[in-house]
Amino acid sequence: MRYLALLIASVLAGCHAANTTPRPHSSPARSSSPAAAPAPAAPSPDLVNSVRTVGHRDFANAKKVLPKVFDGLEEDFYCGCRYVRTVVNFGSCGYAPRKNALRAGRIEWEHVVPAWVLGHQRQCWQDGGRKNCTDTDPAFQRAEGDLNNLVPAVGEVNGDRNNFAYSAWTRERSSMYGECQTIVDFKGKRVQPREEVRGRAARITLYMYETYSLRMSAQDKKLMCAWAKAYPVDAWERERDARIVRWQGEGNPFVSDPARLKSACR
C-alpha cells in the first residue's frame, strides 16, 4: 500500500509540473475580417447644417436651402425652362428630351465647375472617389456645397454635361434638346452653353478657380474672361447673388465688384 501511495503521489506531481510549465509564446491569430472603412470626418467647424444659420454648407445641406435661393427665379440654367418644385415645364422652353425623358423631366442641382474638377486631384479622391471626399475631406465639402457654384438644370442636360469643360465652336442652331440651345459634344468632351448664361457661367468659373486655388489653362481663362466681359451681369444674377449672401454670408465678387473682373482678366 505504501508503494502504491508513493506511486500515485509521484504521478500527480508530474501532472502538476506539466500544467505549470510555460508555453512557448505564439503570435495572436490575424483576424480574417476586412479592415473597417475610415469613419466620416466630423463636420468642419466652418460649415453649418441648419437652414436658419448663415454660412457655408456641404452639398447635402446646400440642397436644403437652394429652393429658397431660387424662389421666384425658377429658370433652368442651360435651357431657360421654367419649373415647379422639381418638375420641368418642357413647353416653357421648347425642350425635347434627347434620350432620357424621365431624367429630363426633373430639375437637378448642377455644379457649374464640376465636382470632378474640384476633387479629382485630392488624396481623398485617389483613395475612394467623390463619395470618399464628400465623407472625409472638409475642404472638398466646402467647395462642393458652395452656393455660388450651384444652379438648377434639366436633369438630362446635367447628366450629359458630365464633367466636360465649357467651350464655343459653332453659331449654328442645334436641335439636340429641341429649342434648347446648349450643345454637348460627347466626342470632343465639351459643352457650349446657351448665350444667355455664358457670362454667368464665366463669372462662377472664375470665382471657383480663384477661391479654391484651382488650376485653369490660359486658353480656358481667356474664354471665361471674354464671356464675362461680353455678357454683363443682369438683374437675375444680381438677385441670385444677394440671396446667396443672405444664406451663405459670401457671394461672388465677380458679380458684385466690377474691379475684381478687371483685376483677374487684365
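Is Trp125 buried or exposed? Trp125 has 18% relative accessibility and therefore counts as buried (under 20% relative accessible area; exposed is over 50%, partly exposed in between; 1.4 Å probe, protein chains only). The model is predicted: local features need pLDDT of at least 70, side-chain atom pairs count only at pLDDT 80 or more, and totals for chains, interfaces and linings use all residues. Residues are numbered from 1 along each chain as its sequence is written, and side-chain values use heavy atoms, with hydrogens and water left out.

The structure holds six aromatic pairs (ring centres of Phe, Tyr and Trp, the last by its six-membered ring, within 6.5 Å; planes under 30 degrees apart are stacked, over 60 edge-to-face, the rest tilted). Phe70 and Trp236 form a tilted pair, at 6.0 Å centre to centre and 40 degrees between the planes. Phe70 sits in the loop between helix 2 (59-69) and strand 1, and Trp236 in helix 10 (residues 235-248), 166 residues apart. Helices (H or I, at least four residues) and strands (E, at least two) are DSSP runs, numbered from the N terminus. Phe70 is buried at 1% relative accessible area. Trp236 is buried at 15%. Trp125 and Phe140 form an edge-to-face pair, because their planes stand at 70 degrees, with centres 6.0 Å apart. Trp125 belongs to helix 5 (residues 123-136) and Phe140 to helix 6 (residues 138-144), so the pair ties together parts 15 residues apart in sequence. Phe140 is buried, at 1% relative accessibility. Phe70, Trp109 and Trp236 make up one aromatic cluster.

Trp236 also touches Arg200, a residue of helix 8. Arg200 is buried at 9% relative accessibility. Beyond neighbours within four places in sequence, its contacts (heavy atoms within 4.5 Å) are Glu75, Phe77, Asp234, Trp236 and Glu237.

Helix 8 (residues 198-211) and helix 9 (residues 218-230) have axes that come within 8 Å and cross at roughly 130 degrees. Axes are lines fitted to C-alpha atoms, for helices over the stretch in contact, with angles from 0 to 180 degrees between N-to-C directions. Helix 8 is thus oblique to helix 9 (under 35 degrees is roughly parallel, over 145 roughly antiparallel, 65 to 115 roughly perpendicular, the rest oblique). Residues of helix 8 in the contact include Arg198 and Leu206; those of helix 9 include Met224 and Trp227.

Arg85 has a positive phi of about 60 degrees, although not a glycine. Arg85 lies in the loop between strand 1 (82-84) and strand 2 (87-89), and is exposed at 77% relative accessibility.
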